[in-house]
Amino acid sequence: MPAKIIVIPVIFLFLGFLFFPSFSRAQTIQEGDLIRASGDIDVWIVKYMGSKKFKRLVLSPHVFNSYSHLRWDNIIEVAPSLLNEYITSDLVRAQGDEKIYRLFPSGDTGTKRWIPTEQDFVSQGLDWDAVYTINTVDRNAYTTGTSITSGGSTGVSPTPAPVTA
């Protein structure tokens, strides 16, 4: 009788790895991995800076496909709680362009707002480590909004959520 008690849990463990791979073992998420919360359509790209863990939304399938190194079959489905361990970054600069933008996605579209000076960046309480380098297709997928300046009337909260380790 004891042999049956040992065999049954082993069978359930094996079936769990086959049918529920993303939840049956610990996941290791690497720099540049693509992640999506279970049951959600949004795809995020991961970035690490020291102990900080960032995620950035990939705006649309068009933007996704503009990156030749990204593959749809490389998206890792994760528990929503794991996705929430990453800080959402909305700061980007296009490769070859020094302008830093804050992104405001809305579905498959969105608005980019230029942050003209270092003072403007710092006054918003933003984190330099959160800036992602993107391609021009990605940058140009957003419409251009008003610049974000420290002079006020930006429509942006002066103190975004702090970046924590």
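Modeller: Happy to! Of the contacts in the protein chain between residues at least 6 apart in sequence, 67% join residues at least 24 apart, a contact being heavy atoms within 4.5 Å. This is a predicted model, in which local features need pLDDT of at least 70 and side-chain atom pairs count only at pLDDT 80 or more, while totals for chains, interfaces and linings use all residues. Numbering runs from 1 along each chain as its sequence is written, and side-chain values use heavy atoms, with hydrogens and water left out.

The protein chain holds 6 helices and 10 strands; these are DSSP runs numbered from the N terminus, with at least four residues of H or I for a helix and at least two of E for a strand. Of its 165 residues, 37% are buried, meaning under 20% relative accessible area, where exposed is over 50% and partly exposed lies in between (1.4 Å probe, protein chains only).

Now for the part I would zoom in on: the open sheet. Its 5 strands run in the order β4-β1-β2-β3-β5, with mixed pairing; two strands pair if DSSP finds at least two bridges between them. The edges are β4 (75-78) and β5 (87-88), each with a single partner strand, so one side of each has no neighbour in the sheet. Further in, β1 (residues 34-37) and β2 (residues 44-49) pair in the antiparallel sense over 2 bridges, and Leu34 stands opposite Ile45 in β2.

Next, follow the chain to Pro80, in helix α4 (residues 80-83). Pro80 counts as partly exposed because its relative accessibility is 40%. Setting aside neighbours within four places in sequence, its contacts are Ala37 and Ser38. Pro80 also lies 8.3 Å from Arg36, C-alpha to C-alpha, although 44 residues separate them in sequence.

Finally, look at Ser89, in the loop between β5 and β6 (91-94). With 5% relative accessibility, Ser89 counts as buried. A polar atom of the Ser89 side chain lies 3.4 Å from the backbone nitrogen of Leu91. Beyond its neighbours within four places in sequence, Ser89 is in contact with Phe54, Lys55, Arg56, Ala130 and Tyr132.

Terms used:
Polar contact = N/O pair within 3.5 Å; in protein donor to acceptor, adjacent residues only side chain to side chain.
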